[in-house]
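Dear colleague,

I am passing on the structure below, and I would be grateful if you could look through it alongside the notes that follow.

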Amino acid sequence: MDKLEQILPLVKKPARYTGGEWNSIRKDWDKTELKTVFAFPDVYEVGMSHLGMQILYNIVNNRPDALMERVFAPWPDMAEKMRDNGLALFALESQRPVKDFDIAAFTLQYEMSYSNILYMLDLAGIPMRAGHRNEEDPLVIAGGPCAFNPEPMADFIDIFVIGEGEEVINELLDVVLAGKRRKLGKKEILLEAAGITGIYVPSLYNVYYREDGAFLKISPVREGVPAKITKRVLKDFDAAPFPVKPVVPSTEAVHDRMMIEVLRGCTRGCRFCQAGIIYRPVREKKPETVLRQTAELVKNTGFDEISLTSLSTSDYSPVLGVIRAIAEEHAGKGVNVSLPSLRADHFSVDLAKEVQRVRRSSLTFAPEAGTQRLRDVINKGVTEDDLMEAVGAAFREGWQAVKLYFMIGLPTETDDDLEGIARLAREVLALGRKSGVPRGRLKVTASVSSFVPKPHTVFQWEPQEPLGSLKWKHHVLSFKARDRGLTFNYHDADLSFIEAVFARGDRRLGDVLARAFELGCRFDGWSEYFNKELWLEAFRLAGLDPETYAYRRYSYDDPLPWDHIDAGVSRQYLVLEHKRAMEGAVTPDCRGGHCPGCGLCPALEIEPFYAGSDL
């Protein structure tokens, strides 16, 4: 591509657009029947840190009849040069236009990436709205956590995949490939795809609203189309395809390391957490599987760090034995083991010693709330003593930097809870000093985000706290937490407001999103590009009030825009948990025989978790 070669020297980080990375796969285009492209709606270094992309890339490219290439959102400087030179959005492996593929598959990881999906479709020359595309345009599909409320994106997506993709991706490709061979039209293929469990085709459903404008219901347009779409769940986690030859980024990625998912799901039941619901039930990899995959990754990538990933890796039953075994096998090669955010009640001195055998990085704990009362409301299950014991162990073992994650605006939060955040952060700092960490090196970082009510969670009926109140709380914490060695970081409250609107939104938000893109919204997850005023103008032009979405308190009987999506946990269970939250009652971890009654494990005939290890 002569034009690309001319453009690359003129943009930042040209390696984002060149492809050719170690372990990337380029198949023969003319000899492969079905062409798919995985489209990540953010920049290369963010998308290349996404394990889900690597998993699906591996699965599809292992099929002899299909290929999967990759495309990421070009940074604005690259997009400008592409438009100036008449260059359409292209995939990295073949550098062919995205428009030439049969399927463009987007991942919905974050509501604030929605504008980038429209941005990428526009750069590709693909009509943004599904209803405007012709038979020659790719099928546009989407999956990921935000697909559990697909309605705000329903105007732009042909097919949503609800739940885990390892199995359903092959079933969907089989249907599309068979339709292609039979020369079926798109409408016929979509109708056949709708028969697959976990597939939602929004064009096959009508949306109804009440006279006052409130959402009423979503119904299929014809018989044979399911009224509810049930999420897909991978039953055999150990046997699942896993990429032991992942594509190695050609420029530094956000997470520049090997990744192994050791645990899927979470038994803790934090009431604000969407992932804890949509990834239920818990499934663990056996230690021998983890060790085998680790050895292959070390051999095939050249990375010097491996991250054991999950929603709560310290809850992985054999975690200590597995980390010791990895260290014994690979520490001599300079390979370090890292863990993501840790639960303070499962952190130990032994664990601290093992994860810093090669080198130390900072440790992250998430107490979430500043008082035990509020931690009980959200069912966090971590006490202040747990946190101080864990942090103390880390400091004694030589750590000098600790990160703490908190949320403000949680249901029932009071001034005492807010004060508790500042107090806890100061106490962790004091403990570091008492433990002998040099004053100039001790660093405690408290990151504060705003509560966003998410679909399918216990708090889905709760409103978001008003924007002015959240900003006032930021100011209070900044004043109360001033100390050398203590840093407070805040997630932009304006951004969290728009996130809440789209998290709880209905199909009418498609008009808002289209107008926001026309006004220039893109890369909204990046502070330098997010512009709240443009979003408010888009709402005004669409005739919708964003506050009615973010600030509405639903009753248990109110219809919700995501009611047609079945995450597997009953509404009755969520109602019961919400009532327990308002009473400050704690629901025990479902391991150890304390089944809370969500019903997923017996319904799916899945063993809840792997118990025991020989390591």
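Two strands are said to pair if DSSP finds at least two bridges between them; helices (H or I, at least four residues) and strands (E, at least two) are DSSP runs, numbered from the N terminus. Please bear in mind that this is a predicted model, in which local features need pLDDT of at least 70 and side-chain atom pairs count only at pLDDT 80 or more, while totals for chains, interfaces and linings use all residues. Residues are numbered from 1 along each chain as its sequence is written, and side-chain values use heavy atoms, with hydrogens and water left out.

With those terms in place, Val 161 stands opposite Ile 199 in strand 6. Strand 5 (residues 159-161) and strand 6 run antiparallel and are joined by 2 bridges. Both belong to an open sheet of 6 strands in the order 2-1-3-4-5-6, where the pairing is mixed. Strand 2 (66-72) and strand 6 (199-200) stand at its edges with a single partner strand each, so one side of each has no neighbour in the sheet. Helix 3 (residues 51-61) packs on this sheet, touching strand 1 (34-40) and strand 2, and its direction makes about 150° with that of strand 2. Contact here means heavy atoms within 4.5 Å, and the axes are lines fitted to C-alpha atoms, for helices over the stretch in contact, with angles from 0 to 180 degrees between N-to-C directions. Helix 7 (residues 186-193) lies across strand 4 (139-143), strand 5 and strand 6, running at about 25° to strand 4.

A further open sheet has 3 strands in the order 10-13-14, with parallel pairing. Strand 10 (258-261) and strand 14 (336-338) are at the edges, each with a single partner strand, so one side of each is left without a neighbour in the sheet. From one strand to the next, the twist averages 25°. Strand 13 (residues 305-309) pairs with strand 14 over 3 bridges, and the bridge partner of Ser 307 in strand 14 is Ser 338. Helix 10 (residues 319-330) lies across strand 13 and strand 14, at about 165° to strand 13.

As for the whole chain, it has 21 helices and 19 strands. Of its 615 residues, 59% count as buried, that is, under 20% relative accessible area, where over 50% is exposed and partly exposed lies in between (1.4 Å probe, protein chains only).

With kind regards
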